[in-house]
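Look at the structure below and keep the sequence beside it.

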Amino acid sequence: MVTKTFLISVKNDIGFRLFFADERNIEFLQGLLKSILKLDDGEYEVIEILDPHLLREFHGDKLGIVDVKVKTKTGKIIHIEIQLKVRPGMEERIIYYDAKLITEQIGSSDKYKDLKRVISIIITEETLIKSSPLYHHRFTFFDPNANIELSDLIEIHTLELNKLPDNFDGTELCDWAKFIAAGSEEELEMVANRNTQISKAVVKLRELSADEKARDMYERQEKARRDYEWALNDELNKQAMTIANGMILDNIPVANIIKYTGLTREEIEALMS
């Protein structure tokens with residue numbers, strides 16, 4: 001019997017942070033950023049990995065945590081966040097985080113012109129931008145009618161792994177995206193054989209996966225995530241049942257109850273009996 005090799009997944013948020021936020025792996029973080037962003041190469045000469053917690057201005061403010069937060073040579077702030085599932089309000093939360101990253105830069109005596117650019121990279125495994133088949137988008141303050149960009153002070157990139165082409169499209173971004181999305185040794189080998197830097201990254205990922213402390217952190221996070229998903233799904237199911245009961249009392253057709261609650265016909269018929 002062949003024993004399957006344990007492999008940390010970097011599309012898991014803790015796996016992503018363990019790999020890309022490690023100072024020893026800075027060249028791979030640089031490679032990923034260069035594949036996504038159009039910045040001068042000099043920006044990457046100094047990459048400072050920052051505390052991922054966003055500052056709270058007032059007591060009671062939400063405390064935001066991003067997966068990887070870095071500062072470039074000239075002070076640009078880049079934050080990368082992995083979200084496997086697309087939750088309601090994700091777009092608004094992205095903008096909220098970016099606003100926090102802007103406002104935490106400036107004090108009462110600072111000048112607006114000294115604000116540093118904030119760049120967000122949001123990586124998902126589900127569709128976020130429903131109106132486009134592209135797997136990578138870049139958003140700024142832009143007037144589409146005049147084709148004019150007002151400012152790139154806030155810049156948001158989305159990378160949707162589920163939209164990646166079956167084959168490689170010849171870009172560094174596609175290579176890195178497939179490295180992140182890889183779910184098996186075979187998929188990692190495919191991208192490693194195409195890209196020298198990613199070949200080195202695969203070796204480092206295997207070393208990380210063999211580290212007992214890293215594995216323990218990763219597995220505890222995975223368990224916490226599964227428990228959260230179970231609890232969330234259980235709560236949503238209870239809410240759906242409550243709504244369905246009300247719709248049954250109002251004599252709403254079963255087809256409509258299925259449509260608006262997501263319950264199965266069997267679940268609804270059980271409530272009716």
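The buried residues of helix α1 are Ile14, Gly15, Phe16, Leu18, Phe19 and Phe20. Buried means under 20% relative accessible area, exposed means over 50%, and partly exposed lies in between, with a 1.4 Å probe and protein chains only. Helices (H or I, at least four residues) and strands (E, at least two) are DSSP runs, numbered from the N terminus. This is a predicted model, in which local features need pLDDT of at least 70 and side-chain atom pairs count only at pLDDT 80 or more, while totals for chains, interfaces and linings use all residues. Residues are numbered from 1 along each chain as its sequence is written, and side-chain values use heavy atoms, with hydrogens and water left out.

Helix α1 covers residues 13-20, and because six of these eight residues are buried, the helix is largely enclosed by the rest of the structure. Asn12 caps the N-terminal end of α1, with a side-chain oxygen 2.8 Å from the backbone nitrogen of Ile14.

Ile14 and Leu18 are also touched by Met217, leaving aside residues up to four places away in sequence. Contact here means heavy atoms within 4.5 Å. Met217 belongs to helix α7, residues 212-249. Met217 counts as partly exposed because its relative accessibility is 31%. From Met217 to Ile119 the C-alpha distance is 28 Å, and the two are 98 residues apart in sequence.

Ile119 is among the residues that His157 touches, as are Ile36, Leu37 and His136. His157 lies in strand β6, residues 148-160. With a relative accessibility of 2%, His157 counts as buried.

Conventions. A polar contact is a pair of N or O atoms within 3.5 Å; within protein, one must be able to donate a hydrogen and the other to accept it, and residues adjacent in sequence count only if both atoms are side-chain atoms.
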